[in-house]
Amino acid sequence: MEFTKQQMTITKGVAILFMLLLHLFCTKDYLGLFQPWIMIGDVPLVYYLALFGDCCVAIYCFCSGYGLMVGYQNNRTNYHKRNILRLAKLYLNYWIIFVIFVVLFAFLFDKVQFMLGNPKILLLAFLALDTEYYNGAWWFLTIYILLVLLSSVLNRIVLKYPNWLTLLFSLIIYVVAYLQRFKSIIVFDIEILDWIVHQLAYLGTSLFPFIVGAIFAKDKIYSKLVKITKNLKFKNVIGLALVVLMIIGHGIVQTLFVAPFIGISFICIFNLLDKPSQLNQLLLFIGKHSTNLWLVHMFFYLVYFRKLVFLPKYPLFIYMWLVILCLVTSFIINRIYMPLSQKLDTYLKSVLFEKGNK
């Protein structure tokens with residue numbers, strides 16, 4: 001009764017849909033962008049729905065923490081090697097997108113000086129060390145890489161110490177990192193030190209949901225929730241009502257600070273709901289493309305195709321249009337990625353596993 005790989009993929013699909021919703025419509029300055037259908041006072045209803053989507057990173061962190069803990073418990077011997085393989089494939093996927101959207105499109109859209117004019121920025125972004133110059137949504141790429149690299153140590157900590165202590169420690173880190181991220185308490189004039197503090201702030205705000213995900217895997221908490229709610233009457237009605245209340249609550253408390261708590265709660269509620277198989281299949285399909293959607297969507301709505309994305313005028317149609325554009329792009333990317341990934345997978349497995357076992 002634990003989370004399955006399919007459930008985690010579906011949940012990541014929901015997270016990326018939240019991300020697109022957040023980035024498109026979480027603005028009160030909508031004039032000239034879209035025409036809202038429903039207003040709450042002077043604010044479009046879609047703004048509050050988009051605001052709820054700021055839990056997307058927390059959801060992804062939870063899923064990553066959960067999946068990496070399961071992998072660690074199942075096979076600690078080859079854990080590091082499998083993580084090297086995981087990151088190598090991620091880099092390959094990223095580099096394909098980088099070449100297309102940063103290099104090739106720079107020439108196609110006459111942005112060569114802007115995109116390629118600074119060799120240092122270009123190199124740091126290519127290595128996924130400092131990516132925000134090109135795409136604001138790429139900041140999490142660096143953090144995800146760090147979480148994967150640190151996951152062995154983090155998993156040992158989660159397994160060794162009581163949950164309350166681990167949660168308290170990660171929560172304290174979250175609060176400190178949140179203050180640094182949004183208040184810039186510590187600022188250095190030295191570029192490398194400022195970069196380190198910047199990344200630590202991002203890492204600290206991502207660590208808490210990651211740790212919670214690992215604890216869920218460690219103690220099989222989701223199974224316990226399934227048992228508790230198995231025979232609950234009106235489970236779907238209660239679950240949907242709780243989600244609506246969270247949307248309303250976040251609309252009142254409009255701060256990113258609550259995003260991890262909302263995200264973790266949503267994951268549990270969403271997966272406990274009984275959903276139509278067609279909906280699960282659709283979300284599974286989107287989930288399988290979630291990495292590409294995450295890495296390319298901002299190039300569409302902000303960098304190269306802003307007018308095209310907002311052409312449908314109304315939020316629902318704009319949203320569906322961006323999803324379609326990103327999915328079509330993902331298919332094209334995968335046509336390049338899949339054969340290269342298979343070759344990379346075969347090569348690295350021969351190096352990491354076959355030679356390592358001799």
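Aspartate 274 counts as exposed, at 53% relative accessibility. Exposed here means over 50% relative accessible area, buried means under 20%, and partly exposed lies in between, with a 1.4 Å probe and protein chains only. Aspartate 274 forms a salt bridge with lysine 235, with 3.6 Å between the closest N and O atoms. By salt bridge I mean a side-chain nitrogen of Lys or Arg within 4 Å of a carboxyl oxygen of Asp or Glu. This pair links distant parts of the chain: aspartate 274 is in the loop between α12 (259-272) and α13 (277-288), and lysine 235 is in helix α11 (residues 235-252), 39 residues apart.

A word on the source. This is a predicted model, in which local features need pLDDT of at least 70 and side-chain atom pairs count only at pLDDT 80 or more, while totals for chains, interfaces and linings use all residues. Residues are numbered from 1 along each chain as its sequence is written, and side-chain values use heavy atoms, leaving out hydrogens and water.

How many salt bridges does the structure hold? There are 4. In one of them, aspartate 345 meets lysine 89 at 2.9 Å, N to O. Here too distant parts are linked: aspartate 345 belongs to helix α16 (residues 315-354) and lysine 89 to helix α4 (residues 79-108), 256 residues apart. Aspartate 345 is buried at 14% relative accessible area, and lysine 89 is partly exposed at 23%.

Aspartate 345 also meets lysine 349 in a salt bridge, at 3.2 Å, N to O. Those two are 4 residues apart in helix α16, so about one helical turn separates them. Shared partners join Lys89, Asp345 and Lys349 into one network. Lysine 349 is partly exposed, with a relative accessible area of 38%.

Now the whole chain. The protein chain has 16 helices and 2 strands; these are DSSP runs, H or I of at least four residues for helices and E of at least two for strands, numbered from the N terminus. Its radius of gyration is 21 Å, close to the 21 Å that the globule rule gives for 358 residues, so the chain is as compact as a globular protein of that length. That radius is taken over C-alpha atoms, and the rule is 2.2 Å times the number of residues to the power 0.38. The C-alpha atoms fill a box of roughly 55 × 55 × 45 Å along the principal axes. Of the 358 residues, 49% count as buried.
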